[in-house]
Amino acid sequence: MRLKEIPIEGVPYDQLRIEKVPAAPAYQPRDPELVPAANRALVVNPDRICMPIGAMWAVLGVHRAIPFVQGAQGCTTYARYTFCRIFKEPATIATASFHEDAAVFGGRRNLVEGLRNLVVRYWPEVIGVVTTCSSEIMGDDIGSFLKEARARLRAEIGPEKAEQIALVQINTPSFAGSHVEGYDRAAKAFLQTLATKRDTPHDRVNIIPGLLYPGDIREIKHILREMGIEATILFDISDTLDAPLEPPQRIPYYPPGGTRLAEIKEMGNACATIALQADAGGSGAVYLGRKFGIPAVAGPTPVGVAATDALLQHLSRFTGRAIPATLRAERGRLVDAMADTFHHTMMKRVAIFGDPDIVAGVTRFVCELGMTPVAVAAGTFSKRFGQEVEAAFAAYRDLFLDTPKVFNGSDLFEFEEYLKTLPRLDLIIGNSKGVDIARELEVPLVRVGFPIYDRFGYQKRPIVGYRGAELLLYEIVNALLDYRYPDDRTQQL
């Protein structure tokens with residue numbers, strides 16, 4: 001039965017059928033003047049999220065830390081919902097709960113009272129104060145507000161307890177960037193606030209992972225263990241956003257793991273800093289290099305053979321540790337898998353989209369597999385992204401079937417419209433926002449990057465390192481087999 005409107009008593013779920021009616025009987029070509037994102041005053045199907053979410057992601061990777069969002073309740077609710085969809089874990093995020101009065105008179109009272117309530121109820125060790133569009137546009141003087149909040153805490157809970165709580169100010173106006181820059185600003189803010197001295201240099205290495213999933217960080221830890229290297233991983237979400245369920249749990253609940261406050265304070269004494277993603281965390285590495293003269297490397301994201309080789313070489317150079325036989329064997333198994341599957345990946349046309357660091361890393365890897373990246377798109381503009389993908393193209397251009405198209409800071413509308421003009425496309429690699437595009441074009445989608453919310457377990461599966469690249473390779477090959485390989489020939493594999 002078709003209904004023109006939903007009755008007031010509602011419709012039972014077992015009787016509910018939603019039919020998508022196309023706006024036109026056939027595909028209508030777009031106005032070519034309006035397809036490029038640069039020609040439009042609006043974004044259609046954006047491949048990025050607001051800046052505060054990146055900062056909240058970072059704060060959740062610190063032990064007993066809680067993000068405090070200086071904005072409206074929706075800014076926090078959306079973030080908690082997003083993290084829950086992706087990580088299947090609860091995310092404790094506090095809010096200043098702006099209403100009309102805060103929009104007129106400013107958020108001083110909300111911040112001071114909100115921090116006081118957060119402390120006496122949860123007793124965190126670190127609070128990351130994350131600003132939003134509204135507080136930035138109003139011009140809230142967050143620094144002065146934090147001094148007032150600190151004074152009130154001293155008066156109510158005592159100077160000793162008040163000083164044990166670290167307050168980190170992270171300015172993240174959404175209109176000035178995406179979640180990628182939000183994470184990057186958080187890395188710099190934490191180091192500026194907490195890593196304030198270099199008095200006892202040691203042999204530990206700083207690792208800033210960027211917007212990688214718990215499975216990726218565990219793979220980085222595996223590499224460090226195999227090389228016998230002690231490291232501080234800033235914003236370690238491997239346990240905070242992938243925590244075991246072990247009742248009974250104490251209230252307030254803090255998941256295990258996360259980077260300890262004492263470890264962050266010691267990052268100024270490290271022998272080197274490696275930011276695995278130049279755009280998400282690279283500013284923190286640069287800051288430590290300029291402040292204390294600590295050698296710093298920003299990127300590339302260690303996806304594939306060459307990028308993982310580069311990471312291991314950096315670690316070996318900074319620490320003097322040799323690359324062990326176990327990691328060489330992992331590299332050999334990856335190369336063996338590439339040799340076993342090259343007849344499925346060679347000369348395949350692939351389109352890649354997502355965050356700039358992930359897209360650049362995956363682009364180089366598919367080039368290593370003999371594939372042609374016909375289109376690569378970064379949802380967040382990045383100068384480094386263009387340089388990295390062009391370097392990959394230069395190394396493998398002789399093997400390409402077509403000239404790659406680069407979209408830097410574009411949206412998925414422009415990306416999709418370009419893909420529809422291609423005579424052939426075999427695969428799309430990107431996050432869950434590409435599902436409708438893949439269905440429209442009838443090509444497989446391999447899910448990589450942030451966000452992945454329509455599949456379970458992907459946050460636990462690494463793509464970095466040799467083992468992560470091997471898993472990604474199998475995902476790519478199996479997706480191609482599901483879509484392109486005749487059923488009656490599968491026994492010939």
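A residue counts as buried when its relative accessible area is under 20%. By that cut-off Gly386 is buried, because its relative accessible area is 19%. The model here is a predicted one. It describes a protein with 19 helices and 13 strands. Its radius of gyration is 24 Å, close to the 23 Å that the globule rule gives for 493 residues, so the protein is as compact as a globular protein of that length.

**Overall build**

- Along the principal axes, the C-alpha atoms fill a box of roughly 75 × 70 × 50 Å.
- Buried residues make up 54% of the 493 in the protein.
- Take the contacts between residues at least 6 apart in sequence: 74% of them join residues at least 24 apart.

**Surface and charge**

- The accessible surface comes to about 23,200 Å².
- Carbon and sulfur atoms account for 52% of that surface.
- There are 56 positive and 59 negative side chains.
- The centres of these two sets of charges lie 4 Å apart.

**Cysteines**

- The structure holds 0 disulfides.
- Cys84 is in no disulfide, and the nearest cysteine sulfur, that of Cys50, is 17 Å away.
- A disulfide needs two cysteine sulfur atoms within 2.5 Å, so a sulfur 17 Å away cannot pair with that of Cys84.
- Cys84 counts as partly exposed, at 39% relative accessibility.
- Cys271 is buried, with a relative accessible area of 18%.

**Cis peptide bonds**

- Most peptide bonds are trans.
- Ile251 and Pro252 are joined by a cis peptide bond, with omega about 5°.
- Pro252 sits in the loop between α10 (237-240) and α11 (261-265).
- Phe450 and Pro451 are also joined by a cis peptide bond, with omega about 0°.
- Pro451 sits in the loop between β13 (445-447) and α19 (465-484).

**Positive phi**

- Most residues other than glycine have a negative phi.
- Lys88 is not a glycine, yet its phi is positive, near 55°.
- Lys88 belongs to the loop between α2 (73-87) and β2 (94-95).
- At 34% relative accessibility, Lys88 counts as partly exposed.
- Phe235 is not a glycine either, and its phi is positive at about 65°.
- The loop between β6 (231-233) and α10 holds Phe235.
- Phe235 is buried, with a relative accessible area of 1%.

**Tyr418 in helix α17**

- Helix α17 spans residues 412-419 and includes Tyr418.
- Tyr418 is partly exposed, with a relative accessible area of 23%.
- Leaving out residues up to four places away in sequence, Tyr418 touches Val374, Ala375, Lys405 and Phe407.
- Pro36 is 382 residues from Tyr418 in sequence, but the two are 9.5 Å apart in space, C-alpha to C-alpha.

**Ala360 in helix α15**

- Helix α15 covers residues 356-368, and Ala360 lies in it.
- Ala360 is buried, with a relative accessible area of 5%.
- Beyond residues up to four places away in sequence, Ala360 touches Phe385, Glu388 and Val389.
- Ala360 and Ser178 are 182 residues apart along the chain, and 17 Å separates their C-alpha atoms.

**Two glycines in helices**

- Gly386 lies in helix α16, which runs over residues 383-396.
- From Gly386 to Met338 is 48 residues in sequence and 26 Å in space, C-alpha to C-alpha.
- Gly143 has its place in helix α6, residues 142-157.
- At 26% relative accessibility, Gly143 counts as partly exposed.
- From Gly143 to His343 is 200 residues in sequence and 59 Å in space, C-alpha to C-alpha.

Notes:
Residues numbered from 1 in each chain as written. Predicted model: local features only at pLDDT ≥ 70, side-chain atom pairs only at ≥ 80, totals over all residues. Heavy atoms only, no water. Helix = DSSP H or I, 4+ residues; strand = E, 2+ residues; numbered from the N terminus. Rg over C-alpha atoms; globule rule 2.2 N^0.38 Å. Buried < 20%, exposed > 50% of the residue type's maximum accessible area, 1.4 Å probe, protein only. Contact = heavy atoms within 4.5 Å. Areas by Shrake-Rupley, 256 points an atom, 1.4 Å probe, with all protein chains shown as cover. Lys, Arg positive; Asp, Glu negative; His and termini not counted. Charge placed at Lys NZ, Arg CZ, Asp CG, Glu CD.
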